[in-house]
Amino acid sequence: MDPRIKGYLERNREWAEREDYVPPICFVDMQRKGRERVDGTVIVVACTDPRVTPEEFLGMDSSSKATVVRTAGGRVHAAMSTLLVLSAVGNAGKKGVIMVVHHTDCGLQTADEEAIRGVLRESVEGGGEGRWKDREVERVLEGVRFGAFVNPDESVKEDVGILKDSPFFKGMQILGFVQDTETGLLKEVIGVE
């Protein structure tokens with residue numbers, strides 16, 4: 001087993017065995033409490049980049065937790081199925097906040113959609129034998145939008161627009177931010193109207 005995974009598992013055991021460990025409330029109780037909140041719940045959509053962890057840069061603790069959905073680049077098209085499930089088991093998009101957070105120095109700024117497809121095609125070259133035939137690779141890659149972008153302000157505006165145009169989140173505030181990875185600070189790109 002990879003030594004990093006072994007380390008994670010050991011730290012997990014230590015965490016779970018601490019005297020102050022308390023299991024979370026059961027899902028249906030959490031769901032009920034979320035639905036009863038007048039202001040709804042908070043959902044943060046952010047990048048998978050380990051340098052920008054919402055729980056850290058938003059200062060979340062046990063009294064200020066939010067649901068965090070992480071995708072490459074923090075792009076909402078990749079998060080949509082999760083956001084829809086959260087809406088369905090939550091308050092059906094009638095209240096709450098979705099906070100879209102992209103960041104500077106993001107990996108999705110380093111390549112365009114076709115370059116990403118090219119790297120993936122090359123990674124399975126010679127794989128035409130066996131399970132993955134070239135046409136299957138192309139079929140999979142054809143249907144994927146990776147979300148490459150140049151300017152994080154513009155990608156946030158695009159993603160907030162997607163959510164605001166969706167009929168599933170009409171009662172929610174949709175806000176957009178860019179985190180500057182140099183300073184750690186969030187800049188509001190799309191605020192409350």
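How many helices and strands does the protein chain have? The chain has seven helices and five strands, where helices (H or I, at least four residues) and strands (E, at least two) are DSSP runs, numbered from the N terminus. The model is a predicted one, in which local features need pLDDT of at least 70 and side-chain atom pairs count only at pLDDT 80 or more, while totals for chains, interfaces and linings use all residues. Residues are numbered from 1 along each chain as its sequence is written, and side-chain values use heavy atoms, with hydrogens and water left out.

Read from the N terminus, the order of the elements is α-α-β-α-β-α-β-α-α-α-β-β. The C-alpha trace spans about 55 × 45 × 35 Å along its principal axes. Of the 193 residues in the protein chain, 33% are buried; buried means under 20% relative accessible area, exposed means over 50%, and partly exposed lies in between (1.4 Å probe, protein chains only). A contact is counted when heavy atoms are within 4.5 Å. Among contacts with a separation of 6 or more, 71% are between residues 24 or more positions apart.

Two helix pairs are described next. Two packed helices are described by the angle between their axes and the distance between the axes. The axes are lines fitted to C-alpha atoms, for helices over the stretch in contact, and the angles run from 0 to 180 degrees between N-to-C directions. Helix α5 (residues 113-123) packs with helix α6 (residues 134-142) at an angle of about 150 degrees, and their axes are 11 Å apart. The two helices are therefore roughly antiparallel to each other; angles under 35 degrees count as roughly parallel, over 145 as roughly antiparallel, 65 to 115 as roughly perpendicular and the rest as oblique. On the side of α5 the contact is made by R117, L120 and R121, and on the side of α6 by V137, E138, L141 and E142. Sorted by class, this contact has three nonpolar, no polar and four charged residues. In this sorting, Ala, Val, Leu, Ile, Met, Phe, Trp, Tyr, Cys and Pro count as nonpolar, Asp, Glu, Lys and Arg as charged, and the others, Gly among them, as polar. The crossing of α5 and α6 is right-handed; a crossing is right-handed if the near helix is turned clockwise from the far one by less than a right angle, and left-handed if anticlockwise.

The second pair consists of helix α4 (residues 76-89) and α7, which pack at an angle of about 35 degrees with their axes 11 Å apart. The crossing of α4 and α7 is right-handed. V76, M80 and L83 of α4 make the contact with D159, I162 and L163 of α7. By class, five nonpolar, no polar and one charged residues take part in the contact of α4 with α7.

Side chains of opposite charge can pair when their charged atoms come close. The structure holds 15 salt bridges, a salt bridge being a side-chain nitrogen of Lys or Arg within 4 Å of a carboxyl oxygen of Asp or Glu. One of them joins the side chains of E138 and R121 (2.5 Å, N to O). E138 lies in helix α6 and R121 in helix α5, so the pair ties together parts that are 17 residues apart in sequence. E138 is partly exposed, with a relative accessible area of 32%, and R121 is partly exposed at 26%.

A salt bridge also forms between the side chains of E158 and R145 (2.6 Å, N to O). This pair links distant parts of the chain, since E158 is in helix α7 (residues 152-165) and R145 is in the loop between α6 and α7, 13 residues apart. E158 is partly exposed at 36% relative accessibility, and R145 is partly exposed at 37%. Within helix α7, K157 and E154 lie three residues apart, about one turn of the helix. The closest N and O atoms of their salt bridge are 3.4 Å apart. K157 is partly exposed, with a relative accessible area of 39%, as is E154 at 44%. Salt bridges that share partners join R75, R145, E158 and D159 into one network.

The loop between α6 and α7 also holds A148, which is partly exposed, with a relative accessible area of 24%. Leaving aside residues up to four places away in sequence, A148 touches R75, L108, A111, D112, E113 and I116. The C-alpha atoms of A148 and K164 are separated by 21 Å, and the two residues are 16 residues apart along the chain.
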